[in-house]
Amino acid sequence: MRHILLTCFLIVATHSFAQKAELFTTSKCFDFIASLQYFDKLKDHPKFSHIATDSTFMHSLNHINREITASNLCNFYAMFTNERNDLDSCVTFFNKLNKNNDIQYSNEEWIKHIVSLQPELSQCFTMIKEADYSEYWDSQIKSELDNHIRSYPIKNELLDKIHSAMTDFSGSEGLSETPSKTYVMNIDNAFNLSDESFCCTPVLLDPKMEKQFRLDFIKVYIHENLHRLKISNELMGKLDELMADDFYRENEEKAREYNEGRNEAFVVAAEVFISKKIGRRDDKSVYEEFKEYIDGSLVLAPIIYTHLNEKKDNETLNDFILRLFHSGIIKIGFIKDEYDKAMTMLIH
């Protein structure tokens with residue numbers, strides 16, 4: 001009997017680990033790319049101290065970091081290659097940006113901007129790699145990230161519930177019910193990637209840090225996955241027009257000081273809606289989120305949230321919000337009134 005129970009336990013544990021392994025992974029290449037923004041974590045290590053005192057390297061590094069972020073570069077890399085752990089291939093990729101036809105034919109301004117930084121990127125990546133970043137990552141970073149992944153308590157039933165809710169919410173657009181890959185990286189933030197995966201700091205996988213700083217991996221996971229939903233140029237144009245509303249403009253400018261704003265309100269509204277639907281939030285939590293997130297500057301979020309129960313089954317989030325504009329619920333000159341109405345609904 002003991003043998004049977006042990007066998008059953010091992011089968012369940014193996015299945016649980018397999019599902020967790022499908023959710024979490026690491027990437028030497030993404031950490032390598034992010035090392036430009038997080039070079040302060042490397043500069044005092046004996047392997048990298050000599051390049052930290054190289055004025056040419058530091059000039060190029062500072063120029064890159066003024067122009068782009070780690071999330072920009074990781075998204076760019078993920079868009080054009082599937083390699084995640086071979087640094088030779090990664091450096092070669094950045095060395096040959098000008099010879100990559102897929103990149104050269106792109107008309108997207110952010111892509112062109114990264115290509116314009118190719119000489120600096122090539123120089124910095126080559127020097128960091130030649131300082132033996134690969135061995136540094138293998139010996140100093142990988143085991144720490146793996147420990148966070150192994151120790152994070154997450155139930156597969158919750159993942160299934162989240163992805164079922166997000167799939168239903170996405171309407172005709174359709175998000176996959178399969179958990180998107182989460183790259184745990186040696187960074188201090190979180191961001192989504194264009195290939196529908198997600199990068200995050202290991203801090204989000206530390207239950208003690210979650211309690212201390214009110215961080216929550218599941219909340220961020222839902223939020224970043226919802227960034228996969230497409231937002232049309234028409235809807236973004238409506239946001240531009242809305243800058244004529246004094247209350248909206250004042251708060252939008254505040255949000256942009258945090259490098260947020262624009263369609264972020266759509267995602268915040270959707271995240272709290274889904275989190276409440278699966279039992280992870282109540283009205284008090286929703287109210288506090290709208291008051292506290294980015295200093296309460298995403299004033300469209302509560303307006304959208306209080307109407308989301310009117311969203312049709314096959315309607316995309318984009319089309320639903322456009323309908324709020326077309327019906328006059330979101331309208332220049334009335335944003336403060338609708339915001340106050342929505343916030344009042346949450347506390348009564």
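Reply: In this predicted model, helix 11 and helix 13 are roughly parallel to each other.

Me: Why are helix 11 and helix 13 called roughly parallel?

Reply: Helix 11 (residues 156–169) and helix 13 (residues 217–226) pack at an angle of about 30°. Angles under 35 degrees count as roughly parallel, and helix 11 and helix 13 therefore receive that description. Their axes are 11 Å apart, and the crossing is right-handed.

Me: Which residues make the contact of helix 11 with helix 13, and how do they divide by class?

Reply: Helix 11 contributes Leu158, Leu159, Ile162, His163, Met166 and Phe169, while helix 13 contributes Ile218, Tyr221, Ile222, Asn225 and Leu226. By class, 9 of the residues in the contact of helix 11 with helix 13 are nonpolar, 2 are polar and none is charged.

Me: What makes helix 5 and helix 8 roughly perpendicular?

Reply: The angle between helix 5 (residues 70–80) and helix 8 (residues 109–116) is about 100°, and their axes are 11 Å apart. The range for roughly perpendicular is 65 to 115 degrees; the term therefore applies to helix 5 and helix 8. Asn72, Leu73, Asn75, Phe76, Met79 and Phe80 of helix 5 make the contact with Trp110, Ile111, Ile114 and Val115 of helix 8. This contact of helix 5 with helix 8 has 8 nonpolar and 2 polar residues, and no charged ones.

Me: Why are helix 14 and helix 19 described as oblique?

Reply: The axes of helix 14 (residues 233–241) and helix 19 (residues 317–326) cross at roughly 40° and come within 10 Å. Roughly parallel requires an angle under 35 degrees, and roughly perpendicular begins at 65. Helix 14 and helix 19 are therefore oblique to each other. Their crossing is left-handed.

Me: Which residues of helix 14 and helix 19 meet?

Reply: On helix 14 they are Glu234, Leu235, Lys238 and Leu239, and on helix 19 they are Asn318, Ile321, Leu322, Phe325 and His326. The contact of helix 14 with helix 19 comprises 5 nonpolar, 2 polar and 2 charged residues.

Me: How many cavities of 30 Å³ or more does the structure hold, and what lines the largest cavity?

Reply: There are 3 such cavities, and the largest has a volume of about 70 Å³. Its lining consists of Asp31, Ala34, Ser35, Tyr38, Lys41, Leu42, Tyr133, Tyr136, Asn186 and Ile187. Helix 2 (28–34) and helix 10 (133–151) are the elements that give two or more residues to this lining. By class, the lining of the largest cavity has 6 nonpolar, 2 polar and 2 charged residues.

Note on methods
Residues numbered from 1 in each chain as written. Predicted model: local features only at pLDDT ≥ 70, side-chain atom pairs only at ≥ 80, totals over all residues. Heavy atoms only, no water. Axes fitted to C-alpha atoms, helices over the stretch in contact; angles between N-to-C directions. Helix = DSSP H or I, 4+ residues; strand = E, 2+ residues; numbered from the N terminus. Parallel < 35°, antiparallel > 145°, perpendicular 65-115°, else oblique. Left-handed = near helix turned anticlockwise from the far one by under 90°. Contact = heavy atoms within 4.5 Å. Nonpolar A, V, L, I, M, F, W, Y, C, P; charged D, E, K, R; others polar. 1 Å grid on protein atoms, 1.4 Å probe; cavity = no way out; pocket = protein on both sides within 12 Å on 5 of 7 lines; lining within 4 Å. Points joined across faces, edges and corners; volume = space filled by probe spheres on them.
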